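Open the model in your viewer and keep the selection tool at hand.

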Amino acid sequence: MKKYNIWLSLDYILKAAVLLSFVFPFIWMISTSLQTFEETIKIPPTIFPSSPQWINFVDAMSSGPFVTYAKNSVIITSSIIIIQFLVMIPAAYAFAKYDFAGKKILFGMVLIAFMMPGQVTFIPIYLMMADWGLIKTLVPQILPFMSNAFGIFLLRQYFMQIPEEIIEAARLDNASEFKIVWKIMTPMAKPALATIALFSFVSHWNDYFWPLVMTDTNEVRPLTLGIAMLKQSEGISNWHIIMAGNVVLVVPILIVYLLCSKHIVKAFVYSGIK
Amino acid sequence: MKNNKVWEILRPYVMIGPAMIGIFLFVIYPMIYLLYLSFFKYNLLNSAMSKYIGFSNYIQIFSREDFYKSLLNTVIYTGGVVTLTMLISLLIAVWLSKRTRMNYIVQAGIFTPHIISIVSVSLVWLWMMEPNLGFLNYVLESLGLPPSQWLQSSKTALFSIIIVSVWHGIGYYVLILVAALQGISPNIYEAAALDNTSKFRVFHRITLPLISPQMFFILIIMTIGSFKVFDTVRIMTGGGPNNATNTLVYYIYGFRTTNIGYAAATGVVLMAIIGILTIIYFWLLSRKVHYQ
């Protein structure tokens, strides 16, 4: 019995240690963001700053056009999600419930789109956008993501599980196909849609590569680029300012995660087991 | 009435139309365009002045040492990230697979970095790995271990980036494996217990085969994902020191304005690698893996 207890507490301590190794970097980030420069270069390192330096946030945010960055991030992410939904729902329905010539080939193209990353296609897309004179707008950061292949794939699976009888019944009631898609299928697919929206939000809000290669001016850059540029504008040694900027980027997502971690975790698990 | 028939045939195409236009315009066409660009010496200022040069860009790629260096780095990085993630996530998943509150909290904690921008993750680790003031070396020194130069030495830089990537991504794979482990019917284990099978044998002969679809999913998703590593490299090391962390995508990125044709040809190489991995994925998916 006693031996069992020792193992159990050892188990707990080890688990706490693992947890700490994943949480500590965030604590360290928040702590640094509240320190003075002198505290950041002290050894041993400061964990609890003597008096929180809120001014660091002001300094970080005034080192660049952060209002513009934040606004761009919001516009880009929300436009992508709205456009993706409008494009994806009818497509997923057609792939799930209709038979038509060329369906296999067309769905194959969706799979190719699912596998091919932006790291392969960014050069041609940049040239296309430059040709169309759109580089100084937000379009290059929104339009290329109009078709969410992963979303079409997931939603199609979901629609296929919805019994044919429900659709037949609606047809007998003289409901148009349009109505069936938007008024019956879409509400039924809420869990899948929430998962897709969450994925889209996380990947585009956090995206770094795509805005980096698609933008030439600060007017169209999102928050991630602004924060990454603090490293240059503040100089590599001003860690308290860099971490303050970083906190601004991370904390909103952390709060959302703390509030609904259960749903988020479920959504991610759901995406992994198809 | 006749109109109705026509509409019924056309309807699916209208419904998938916008999605297919998006895919064609921003995936299929760019892939073809990339291939086309790779045969040119592209002139960015005046594209009409671009010159067709056949396979020259490809010949150049395969005779340049820095290309092989970046390819090798990418392969080492991928190997490191995939191996470490598979081993550690399997270990943690088995350890946390019982449905208890503590296990759930630890899982949620491990998963946290996954939803945070790689920009933030890279910046925090850059600061933690700072050789003189960073927290990691402080820990090493207080444990009596020698400090490391981490990202600033060409010997340790790539490994440091691997650590950060594993830390960032592992939570997702733990979640998937835990879900897979919890999905195994307890009857199977009970039967094994009746036969007095050893724990290791149960794991090796029962658990592992039953979660192999998920293991395989992780393997391929991670391999493809790792081949396009860029963000950590760009923010933490800039490909250095001395090209020690220059990866394939970072290499392409470096040429994207100075030599578009060459960058495109390297992009085609990346496209081929990802294409081959994808084909292997679907091929294996259709035969080898055990499904319940």
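Contact here means heavy atoms within 4.5 Å. The model is predicted, so local features need pLDDT of at least 70 and side-chain atom pairs count only at pLDDT 80 or more, while totals for chains, interfaces and linings use all residues. Residues are numbered from 1 along each chain as its sequence is written, chains are lettered from A and ligands numbered from 1 in the order in which they are written, and side-chain values use heavy atoms, with hydrogens and water left out.

**Stop 1: H204(A).** Select H204(A), which is found in helix α11 of chain A. Helices (H or I, at least four residues) are DSSP runs, as are strands (E, at least two), numbered from the N terminus. Setting aside residues up to four places away in sequence, H204(A) touches T77(A), I80(A), Q84(A) and F145(A). Its relative accessible area is 15%, so H204(A) is buried; buried means under 20%, exposed over 50%, and partly exposed in between (1.4 Å probe, protein chains only).

**Stop 2: helix α11(A).** Buried residues of α11(A) include L193(A), F199(A) and W205(A).

**Stop 3: I241(A).** Move to helix α14 (residues 239-272) of chain A, where I241(A) is found. I241(A) counts as buried because its relative accessibility is 5%. Beyond neighbours within four places in sequence, I241(A) is in contact with N56(A), D59(A), A60(A), L230(A) and E234(A).

**Stop 4: the largest pocket.** This pocket holds about 1200 Å³ of space. Among its 25 lining residues, V94(B), W95(B), S97(B), K98(B) and K199(B) are the closest to its centre. A pocket is an open set of points on a 1 Å grid over the protein atoms alone, where a 1.4 Å probe fits, with protein on both sides within 12 Å along at least five of seven lines; lining residues have an atom within 4 Å of a point. Volume is the space filled by probe spheres set on the points. Now select α1(A), which gives the most to the lining, with six residues.
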